[in-house]
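Subject: Structure handover, aromatic rings

Hello,

Here is the structure I promised to pass on. Please open it before you read the notes below.

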Amino acid sequence: MKIAQILTIAAAGLAPWSVVAREAEPKSGDHLRRAQGNSGNGGGNGNGNGGGGNIKRKAKNECLVVLSDKQYEDHHEEEQPVECEMQGEDLNGTKYKMVKIKGIPPGYVKLNNIESGSTTIFADGSDIDDDNYELTIPNGAQIQLGNRGNGNGYGNRKGNGFSNAENEGDDFYNANSGRRLAQLGAKSLLVVRFEIQDATTTSSETALSDSIFGTSGDPVNLKSQYARCSYNQFTFEMATDTSHDRGALIGDDGVYTMNMPTMSIKDAAGVGVDSSVIRNAAATQGAEEFGKALSDVADYTMFCLPPGTASGWIAYAYVNHWLSVYNDRWCEYPSAQMHEVGHNLGLAHAGEATAAYGDQSGMMGYSYSSDDSPKMCFNGPKTYQLGWFPAYHVDLSSSTSDFNWDGNLVGFAEKANAVVGVDKMIIRIQDEVANQDIYVHFNRQLSFNSETYEGGNQVMVATRQGGGTFYSASTLVAKLGDLGKYSYPNFRGSGKPLIIEVLSMDLTTGRANVAVIFDPVEPTPAPVSPTPAPVEATPAPVVATPAPVSPTPAPVEATPAPVSPTPAPVEATPAPVPPTAAPNPDCDNDGICEEGEDCNNCPNDCGQRTNGQKYCCVGGACDDDRCNSVKDGHEWICAADTTPPVGSCGDGKCQEGEDCNNCSDDCRSQKNNSGAGRFCCVGGACDDSRCNAYNWECEAPSTSQSSCNMNSICEEGEDCNSCPNDCNGKNFCCAGGALGDCSGKFCNKSFGGIDWICVN
């Protein structure tokens, strides 16, 4: 039989399984070429009499676009290829096929708002290369985009080169399947390990089942942490196998071992192959073995590939999809599990500053090589997107017409203590002008969130692209302690800041009282000094208006205004008839709350709050940070007698002789974290950029402390306790010099943007 005839039959779904499976396998060294060549022996053409060429065929159907996000050991970011799931006739008789798309113009995906798992693509004249799992779009072809719809087909093809989202503005993901629904209910999960020609997944089925489902008592795993973080609203169960006649392929542990005897982890030159080579072959083979695509076997599937593939990757997953892929032992680590399955659920990365994974308060930041830690959940933007706690959301937008709010925030880990209708968990503030959302939540550090690596027991402020529920990265912009304050500039293009302020924090009750303050109206200006004071300019009853200097009533013509040397004219407008309190001679309306002034007798200088968490500023006793703030467009400055002199603890600068332990008011730290997330700023050694973040000032002279020089090298006399910036530690402690063992890979590694070097 000719190969051409085999392909024709395969298109009709009638080809023998063995022939179709070989046609679907990718090349990986000579052993695959030989296998494919054997299927062509006797045919004379087709695969080239024993393995040389391959056959390309024209695409007939739209394919479903899928995008992936991959983590690397050194945390660099790398644009991943655009891939596509074949449909209909283009499956070529197989149950499943994913191919890499070649020929898409640069920037096309972003420009056209292509959504992974929803957008379809087609271009006339495109070639499918079955051997290399590629779809090539010819130069100059018109690319047609469509939308998958509601799960019942892949129609809606459009010939204008744009997706169905073309005219939807900020809401470009709400067509059909666009905006993500809340992630709720019980989901089945299949775990696949591999035995191939020259490598095997390190962990056994039993070990993987325990690390992912907790079947042997593992305390922290994918199943337990998703259940705890969602309060059992979103859970994972082991996949079962009862729907075909070949006998059960999945044991009672939810894990399936796939044997691929002709597949090799290395190519002909002995170099590790790209993970996609094994992944694509496995997805195709798995569909054939189960008699249906793996997406129909379970809601989600994890591939635990053997060690030895190329590129130094940790794990990756497809967005809004069923598949996540792990580099060997990373399949066992809960942070990697939750992170990658988070991508499957539509969650993007959580960053801080310029680090895409830098927000270590939740699982969409960095992943950690630990089997039983960390115990933490997701940050505010991600939890809002998952839709687990809508009754505890606050949404402030143009539709609410008011961006001012104050109330209690409760951490995710203390939902059981929250009162519906009173307590809240997440504040979402929409800046429609900037197309950006601002999220505020209380990162309570206890229970299943007890090992959050950043911002424990602090109020967190993060931003992301407006819209709330589609795939978009978030950025951590502020971590606020008790009385902390963050100013979001030019809110809604008003030229005015939006203020987020922690009015109080009580870890005993587990509540942070938070205020959101925005007033776009210009404040009434304070009286200008040259203006004659109306009270002194009008004859006043002696008993009601004593002269400001003397108890003797002053002559009308001679009384000087208290804020101006210019005599008040007699002809001025008469004062109001109702008697008022005498003016405060110390209130000079200069915008500074000084000795003798307070919010009652000098409200233009001394700030106050009359609702919610009430306070009144008093000059000369400005111990409350709220008396030095920006409110309603007015900048309050409170001059206190207790203001520390420059150069001492409390002056707002971390200087020589100060550190986060003896002067926490000036020197920034993060002590709640473990490992690379911990740091302690030391005045005189401010080499770490985190010590000059979020309006903290760390002043370093040319010399530095000998006990901890913060040079990212763990040296003699330094360890993870005395010098956490130099000596990394997580469930262990690195120590420089003879005291420590610097040979381990954990004490010499790159992590969180810092290269740790341990010197013996």
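Is Tyr 488 buried or exposed? Tyr 488 is buried, with a relative accessible area of 6%. Bear in mind that this is a predicted model.

I looked at the aromatic rings. The count comes to 24 aromatic pairs.

One of them joins Tyr 368 and Tyr 453. Their ring centres are 4.2 Å apart. Tyr 368 sits in the loop between β16 (350-352) and α10 (380-386). Tyr 453 sits in the loop between β20 (436-443) and β21 (458-465). The pair therefore ties together parts that are 85 residues apart in sequence. Tyr 368 is buried, at 2% relative accessible area. Tyr 453 is buried too, at 3%.

Back to Tyr 488, which pairs with Phe 491. Here the centres lie 6.0 Å apart. The planes are at 75 degrees, so this pair is edge-to-face. Phe 491 is buried, with a relative accessible area of 0%.

There is also a cluster. Ring pairs link Tyr 226, Phe 234, Phe 236, Tyr 300, Phe 378 and Trp 388.

Last, charges over rings. Lys 97 lies over the face of Tyr 133, 4.9 Å from the ring centre. Arg 464 lies over the face of Phe 470, with 4.9 Å to the ring centre.

Best wishes

Methods: Residues numbered from 1 in each chain as written. Predicted model: local features only at pLDDT ≥ 70, side-chain atom pairs only at ≥ 80, totals over all residues. Heavy atoms only, no water. Phe/Tyr/Trp six-rings, centres within 6.5 Å; stacked < 30°, edge-to-face > 60°. Helix = DSSP H or I, 4+ residues; strand = E, 2+ residues; numbered from the N terminus. Buried < 20%, exposed > 50% of the residue type's maximum accessible area, 1.4 Å probe, protein only. Lys NZ or Arg CZ within 6 Å of the ring centre and 35° of its normal.
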